[in-house]
Amino acid sequence: MNTCVSRRRTVLRCLTALAFGAVALTGCSGDGGGGQADATAQATPSTPSAPTDAASSPSASTNTTVSPPTSSDVTISPPIPGTATVPAGTSAPTSAAPWAGTKQFVQIEKAWAADGRTYLSVRPARKDAVTEPHEAWVIVPSEGPYTTVSFAQDAQVLLSSPLGDESQAAPYSQAEFVSRLMSHEPAFRAGFGYDLSFDGEGRVTRLQSLYTP
């Protein structure tokens, strides 16, 4: 009986010793793994963050300098010789319409009708007023060439003596004016003077002859 009890105690002691040994081994295994991990973490240096690129840096945008254009970068075209600005609402005179939009005092060399229009051959002149022995005008011819101009379709014609019937200017048709003017000799026609008004296209819109006694 005592022998059996002794054996049981021996077995229990052995089992107890084995259990403590297993626990000790398990504890040592856990401590060793943790220590190795800590040592590895301490041995590995921390990797620094990569620097941001220059485009995201505030100083990169604030320090950018834009150079102003220099005089050599700007091209200014010179004005074209012989050109001029024409005011709005006016017509620029041309060789075909030298008196467009103006009033002129002229001599008329001759007048004629063609293609349904009336034409005049004119050149500038000067008029001087006289009072003795009666009031009248003296025509001072020029020496320049004659220029051909045309009547506007609705041009007004006012004639005084000797082209007209009275000393006071009265209206006549363009055809009557041509007939009356060309009935006189060229030398006599040179003594007549006329006030002409031109439209923007250089056509005569109004003709008035001066009274010549």
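A salt bridge here is a side-chain nitrogen of Lys or Arg within 4 Å of a carboxyl oxygen of Asp or Glu. With that in hand, welcome to a set of close-ups of this predicted model.

**View 1. Lys127 and Asp195 join in a salt bridge.** Their side chains meet at 3.2 Å, N to O. This pair ties together distant parts of the chain: Lys127 belongs to strand β3 (residues 126-130) and Asp195 to strand β7, 68 residues apart. Lys127 is partly exposed at 29% relative accessibility, and Asp195 is partly exposed at 25%.

**View 2. Arg126 pairs with Asp128.** The closest N and O atoms of this salt bridge are 3.3 Å apart. Arg126 has a relative accessible area of 47% and is partly exposed; for Asp128 the value is 30%, again partly exposed.

**View 3. Asp199, Glu201 and Arg203 make up a salt-bridge network.** Within it, the side chains of Asp199 and Arg203 meet at 3.0 Å, N to O. Asp199 counts as buried, with 17% relative accessibility, whereas Arg203 is partly exposed at 28%. The count for the model comes to five salt bridges.

View 4. The model has five aromatic pairs. Trp112 is partly exposed, at 29% relative accessibility.

**View 5. Phe188 and Phe192 meet edge-to-face.** Here the ring centres are 5.2 Å apart, and the pair counts as edge-to-face because the planes are at 80 degrees. Phe192 is buried at 4% relative accessibility, while Phe188, at 44%, is partly exposed.

**View 6. Phe177 takes its place in the largest nonpolar core.** This core has 23 residues, and those touching the most other members are Ile108, Leu120, Phe177, Tyr194 and Leu207. Strand β5 (147-159) is one of the elements that supply at least two residues; β5 gives the most, with six. Beyond its neighbours within four places in sequence, Phe177 contacts residues including Ala111, Val157 and Leu163. Phe177 also forms one aromatic cluster with Phe151 and Tyr194.

**View 7. Helix α3 keeps its buried residues on one face.** These residues are Gln174, Phe177, Val178 and Leu181. Seen down the helix axis, they fall within an arc of 100 degrees, so they line one face of α3.

Notes
Residues numbered from 1 in each chain as written. Predicted model: local features only at pLDDT ≥ 70, side-chain atom pairs only at ≥ 80, totals over all residues. Heavy atoms only, no water. Phe/Tyr/Trp six-rings, centres within 6.5 Å; stacked < 30°, edge-to-face > 60°. Buried < 20%, exposed > 50% of the residue type's maximum accessible area, 1.4 Å probe, protein only. Core = buried A, V, L, I, M, F, W, Y, C linked by side-chain atoms within 4.5 Å. Helix = DSSP H or I, 4+ residues; strand = E, 2+ residues; numbered from the N terminus. Contact = heavy atoms within 4.5 Å. Arc of directions from axis to C-beta.
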